[in-house]
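Thanks, everyone. Let me put the model on screen, and we will walk through it.

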Amino acid sequence: MYIVLLVIVIIICALLGLIVLIQNPKGGGLTSNFSSQSQLMGVQKTGDFLEKGTWVLAISLMVLCLVINVMVKGGATQSDSQFDNQVKKSLQAPANTPASAPFKPAGPVPPVQQPIKK
């Protein structure tokens with residue numbers, strides 16, 4: 001079901017892109033090609049159709065995105081991934097090691113040399 005919804009979203013995105021590219025930002029778009037009044041779809045009807053199509057596709061895209069988000073519970077993370085295993089091991093490693101004593105040098109400490117005065 002998840003894959004089917006993703007395919008539908010991709011198709012809607014492609015259609016939305018095509019409809020937006022067909023439109024002219026000033027309202028000319030396809031409507032400028034219909035100059036005679038005897039056309040099946042007049043100038044105003046073409047603009048209304050493209051505008052309604054844009055709204056329908058945009059709203060359906062938003063709704064499908066929300067539906068997909070609800071369907072995928074907990075995101076796409078996997079608890080058995082290698083990254084999670086490494087994090088768990090690194091968090092458990094310090095707890096298993098015994099506490100060590102402070103560092104002490106093995107031999108005598110050499111004296112600090114004084115600077116030579118001229």
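How much accessible surface does the protein have, and what share of that surface belongs to carbon and sulfur atoms? The total comes to about 10,600 Å². Carbon and sulfur atoms hold 67% of that surface. Keep in mind that this is a predicted model.

Now the fold. We have three helices and zero strands. Along the sequence the pattern reads α-α-α. The protein has 118 residues, and 13% of them are buried.

Next, contacts. Take those between residues at least 6 apart in sequence. Of these, 68% join residues at least 24 apart.

On to the core. Which residues build the largest nonpolar core? There are 10 of them. Leu-5, Val-9, Ile-12, Leu-16 and Ile-19 are in the set. As background, nonpolar side chains in soluble globular proteins tend to be buried together.

Look at Ile-68 for a moment. Set aside its neighbours within four places in sequence. What does Ile-68 then contact? Tyr-2, Leu-5, Leu-6 and Val-9.

Why is Leu-6 not counted as buried? Its relative accessible area is 30%, and buried means under 20%. So Leu-6 is partly exposed. Its C-alpha atom is 8.8 Å from that of Cys-65, 59 residues away along the chain.

How values were computed. Residues are numbered from 1 along each chain as its sequence is written. This is a predicted model: local features need pLDDT of at least 70, side-chain atom pairs count only at pLDDT 80 or more; totals for chains, interfaces and linings use all residues. Side-chain values use heavy atoms; hydrogens and water are left out. A nonpolar core is a set of buried Ala, Val, Leu, Ile, Met, Phe, Trp, Tyr and Cys residues joined through side-chain atoms within 4.5 Å. Buried means under 20% relative accessible area, exposed over 50%, partly exposed in between (1.4 Å probe, protein chains only). Contact means heavy atoms within 4.5 Å. Helices (H or I, at least four residues) and strands (E, at least two) are DSSP runs, numbered from the N terminus. Accessible areas come from the Shrake-Rupley method with a 1.4 Å probe; for residues, only the protein chains shown count as cover.
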